[in-house]
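Hi,

Here is the model I promised to pass on.

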Amino acid sequence: MASDPNNVLSLEHITKTFPNGAPVISDVSLTVKRGEVVSIVGPSGCGKSTLLRIAARLEPQTTGACTVDTHGIGYVFQDPTLLPWRSVRANVALLAELQHLEGTMMQTRVDEAIALVGLQDHQDKYPRQLSGGMRMRVSLARSLVLRPQLFLFDEPFSALDEINRQRLNDELLRLFEHQQFGVLFVTHSVTEAVYLSSKIHVMSARPGVISRTIEIPFGYPREADLRFDSSFGQHALEVSHALRETES
Amino acid sequence: MSKKTLRIGRVISPIVTFGLVLSIWYFISYVVMNANRRSVALPAPHDVLRQGFFTWQHNRGIQPIVRAMLVTGRVAIVGLLIATILGLLIAIVMNFAKPLEWSLYPYAVIVQTLPILALVPIIKIWFGANLTSRTVACVLVAIFPIITNALFGLQSTDRSLHELFSLHKASKFTRLRKLEFPSALPAIFIGLRIAAGGSVIGAIVGDFFFRQGAIGIGRLIDNYQKEGRTTELFAAAIVSSLFGVAIFIGFGFLSKVAIRHWHDSATQVP
């Protein structure tokens, strides 16, 4: 599995046990290729966020192998996690600074990333002056500066209202089509998962295992109206059923 | 109530309080006390103004008060500066590793709980009864709020922001510079304001006990009391409290400038 040169993330037989002995994840394997959006859906506490944190090397796995180039990771948290004392522009530049990108190259990439998320007119504002959706865009732009090969999303749009969530889903797809990174996307929303993904892993809880994998056959680019297509509805239904089975 | 009424109310209310206090003051000076008692215990406000503020002589009125206030003010500011630098360094060291915090924090608490008066004799033995000792007293009073508030600020940095920095393998120093320190600034400014008040009190207490060197406002107040110069005593007390207020407002302004873009507390300070 790890030998495929297109893989930007490969998790093999990952298990995770908490220090008190409680199993969280049991034997989970998955890969993410460049140009692929893979989603994980599952009930609360199934370990999907923990899996993401293991992929980002924020937490060690108990057993199993995780192959990933940490330099090429963009991690988008549930909250936008912006530095409130920095302007939009300075926030977007943060990770570039941490990775010691310098001078004009950094400035060009910051300009590019800000333009990609459409925040040119808000560069000098501070996070508190922005709406929730705009803050999330800043958070996205901050990772885009590093031109990551792999994006990890931890329920990034769950705090937004439906309109903003859909808008950001569309923008994410646009970025994805433009830059062809790999995506591992953790979400609670079935429609979001179907709309974004080429593959959906359904996880069940205690311990977390992948109970089903569903391929989504729609190609990219995807149009917003896809959400109202009958075959879209069928896939959403299939994922919902798989989710319900995990709870029974 | 409309916004305008509120604003007018905000200006008028303290003025009304001031008028009320003045009336009570006049009432006690003139109705409760006779002339002899009045001149010793509570001279009328206009006498305090005339003799304490509008008398311009080398050794009478406002001149010696301002001179003494400058001496005390300098001690307070130097003491506060030293306490700030030392206090921040200690907080940063404590934040660096838990064992360091465990080994240092109890002693910081002890410094705080020791009454400054109990330390006066020791300070006198070590540093003499001079300006240095007054500064040391200031530092001892001012340092604790700076340490505790800075440490609290450094340690309450958002966890997911820390994870963001971990993800990009930021060094401890980068983390301190770009994340923990700026995020601690609101707490540091609260500590500074408390410390500033303490430092002024420390300097005035120092004036009383470390009597060598230039006369500070504490010593002057003590002298005026002994010499029965009550109007000037009142003027000196008022000036020293105005100095405390000025320092408080100064730090409020500083914190407003430093964190106004992003922190709510900055919009509430006077």
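Which helix gives the largest share of the lining of the largest pocket? That would be α9(B), with four residues.

Some housekeeping before the rest. This is a predicted model, so local features need pLDDT of at least 70 and side-chain atom pairs count only at pLDDT 80 or more, while totals for chains, interfaces and linings use all residues. Residues are numbered from 1 along each chain as its sequence is written, chains are lettered from A and ligands numbered from 1 in the order in which they are written, and side-chain values use heavy atoms, with hydrogens and water left out.

Back to the pockets (open sets of points on a 1 Å grid over the protein atoms alone, where a 1.4 Å probe fits, with protein on both sides within 12 Å along at least five of seven lines; lining residues have an atom within 4 Å of a point). The largest pocket holds about 460 Å³ of space, and 22 residues line it. Nearest its centre are A:Leu82, A:Pro84, A:Trp85, B:Asp158 and B:Leu161. Two or more lining residues come from each of α7 (131-155), α8 (159-167) and α9 (172-209) of chain B; helices here are DSSP runs (H or I, at least four residues), numbered from the N terminus. By type, the lining splits into 11 nonpolar, seven polar and four charged residues (Ala, Val, Leu, Ile, Met, Phe, Trp, Tyr, Cys and Pro count as nonpolar, Asp, Glu, Lys and Arg as charged, the others as polar).

The second largest pocket comes in at about 220 Å³. Its lining has nine nonpolar residues, no polar and no charged, among them B:Phe18, B:Trp25, B:Pro45 and B:Ile238. Helices α1 (3-32) and α3 (45-53) of chain B each give two or more of the lining residues.

Over in chain A, helix α1 (residues 48-55) has seven of its eight residues buried, so it is largely enclosed by the rest of the structure (buried means under 20% relative accessible area, exposed over 50%, partly exposed in between, with a 1.4 Å probe and protein chains only). A:Lys48 and A:Arg53 are among the buried ones. Just after that helix, A:Arg57 takes a positive phi of about 65°.

B:Pro121 and B:Phe210 are 89 residues apart in sequence, with 9.8 Å between their C-alpha atoms.

Cheers

Note on methods. Grid points are joined across faces, edges and corners, and a volume is the space filled by probe spheres set on the points.
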